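Morning, everyone. Let me put the structure up, and then I'll walk you through it.

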Amino acid sequence: MAFSVREEEIIYLKKRDKRLAWAIEAMGAPPERESEPDVFAALVYSIVGQQISSAAQRSILARLEKGLGEISPRSVLSAGADALRGCGLSLRKAEYITELAERAARGEFGAARFSSMDDDAVIAELRALRGVGLWTAEMLLIFSLGRRDVVSFGDFGIRRGMRMLYRHREITKELFAKYKKRYSPCGTAASLFLWQIAGGAIAELTDPAKK
């Protein structure tokens, strides 16, 4: 599955921000990002990837999927923490994932539970889980729950995209809050465009922080 920008969101953002409107036109096709609707699996992927390279994350996930058959609360609890460590996870990460599986099996979190909650309430519940920080919770809002108004200050790519687009050497919390308010309620769409910009989608936009 993929998270896609809607046409009405593009129209709204173009009206709200002339600089972003120019960038959207320059980039052409609306961006898409892969999504993972399974909240438990998405959290496992995030925890596995903490403080390791993308290549190492892919390697460990491949071993997990092979060893467990599927990444689910039931398969994790059946295997146990020792089996997770045998796939290359640290003791701490194995404990985090096992605890997540126990709580998911009891119905303490998941897409069904979160569907009636607003973004802030979901973030609060996720951050109460060991191994889940604010950035992880915000990314889960986008890529598992499909929330449409998420812009993460903790995301390097988003801040870099803002620097490049608006020509700031630094994105302070005050500047970030101004842009986030401008994008709302289409913040997630803006985030996808900012990630594209940060990745070099518009060659003429360099990063002022590197000068």
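Start with helix H13. H13 has 12 residues, and at 1.5 Å a residue they should span 16 Å. The end C-alpha atoms are 16 Å apart, so the length agrees with expectation. Keep in mind that this is a predicted model.

How much of H13 is covered? Mostly covered is the answer: 11 of its 12 residues are buried. Reading along, the buried ones include Gly 187, Thr 188, Ala 189 and Ala 190. Further on, Leu 192, Phe 193, Leu 194 and Trp 195 are among them too. Just after H13 comes Gly 200, with a positive phi of about 95 degrees.

Now step back from H13 to what precedes it. Pro 185 lies in the loop between H12 and H13. The peptide bond from Ser 184 to Pro 185 is cis, with omega near 10 degrees. As a reminder, most peptide bonds are trans.

Next, helix H2, residues 18–27. Which residues of H2 are buried? Leu 20, Ala 21, Ala 23, Ile 24 and Met 27. These cover an arc of only 165 degrees around the axis, so they sit on the same side of H2. On the other side, Lys 18 and Glu 25 are exposed. What do the buried residues of H2 pack against? They pack against H1, H11, H12 and H13.

Look at both ends of H2. At the start, a side-chain oxygen of Asp 17 comes to within 3.1 Å of the backbone nitrogen of Arg 19. After H2 comes Gly 28, and its phi is positive, near 85 degrees.

On to the core. Nonpolar side chains tend to be buried together in soluble globular proteins. Here, the largest nonpolar core has 68 residues. Leu 64, Met 162 and Tyr 183 have the most contacts inside that core. Which helix gives the most to it? H3 does, with eight residues.

Where is His 168? It is in the loop between helix H11, residues 156–166, and helix H12, residues 173–183. Its side chain makes a polar contact with the side chain of Tyr 179, at 2.7 Å. With residues up to four places away in sequence not counted, His 168 touches Met 162, Arg 163, Leu 175, Tyr 179 and Pro 208.

Arg 167 is in that loop between H11 and H12 as well. Its phi is near 65 degrees, a positive value in a residue other than glycine. Is Arg 167 buried, partly exposed or exposed? Its relative accessible area is 33%, so Arg 167 is partly exposed.

Gln 51 also has a positive phi, about 60 degrees, although it is not a glycine. Gln 51 is in the loop between helix H3, residues 39–49, and helix H4, residues 54–68. At 85% relative accessibility, Gln 51 counts as exposed, because the cut-off for exposed is over 50%. For context, most residues other than glycine have a negative phi.

One more residue: Leu 140, in helix H10, residues 134–143. Is Leu 140 buried or exposed? Its relative accessible area is 3%, so Leu 140 is buried. Not counting residues up to four places away, it touches Val 39, Ala 42, Leu 43, Leu 126 and Leu 145. Leu 140 and Ala 198 are 58 residues apart in sequence. In space they are 20 Å apart, C-alpha to C-alpha.

Last, the whole chain. There are 13 helices and two strands. Buried residues make up 47% of the 211 residues. Along its principal axes, the C-alpha trace spans about 55 × 40 × 30 Å. Does the radius of gyration match what, for a compact globule of 211 residues, would be near 17 Å, or does it disagree? The chain has 19 Å, which agrees.

And the contacts? Consider those between residues at least 6 apart in sequence. Of these, 68% join residues at least 24 apart.

Terms used:
Residues numbered from 1 in each chain as written. Predicted model: local features only at pLDDT ≥ 70, side-chain atom pairs only at ≥ 80, totals over all residues. Heavy atoms only, no water. Helix = DSSP H or I, 4+ residues; strand = E, 2+ residues; numbered from the N terminus. Polar contact = N/O pair within 3.5 Å; in protein donor to acceptor, adjacent residues only side chain to side chain. Contact = heavy atoms within 4.5 Å. Buried < 20%, exposed > 50% of the residue type's maximum accessible area, 1.4 Å probe, protein only. Core = buried A, V, L, I, M, F, W, Y, C linked by side-chain atoms within 4.5 Å. Expected span 1.5 Å × (residues − 1). Arc of directions from axis to C-beta. Rg over C-alpha atoms; globule rule 2.2 N^0.38 Å.
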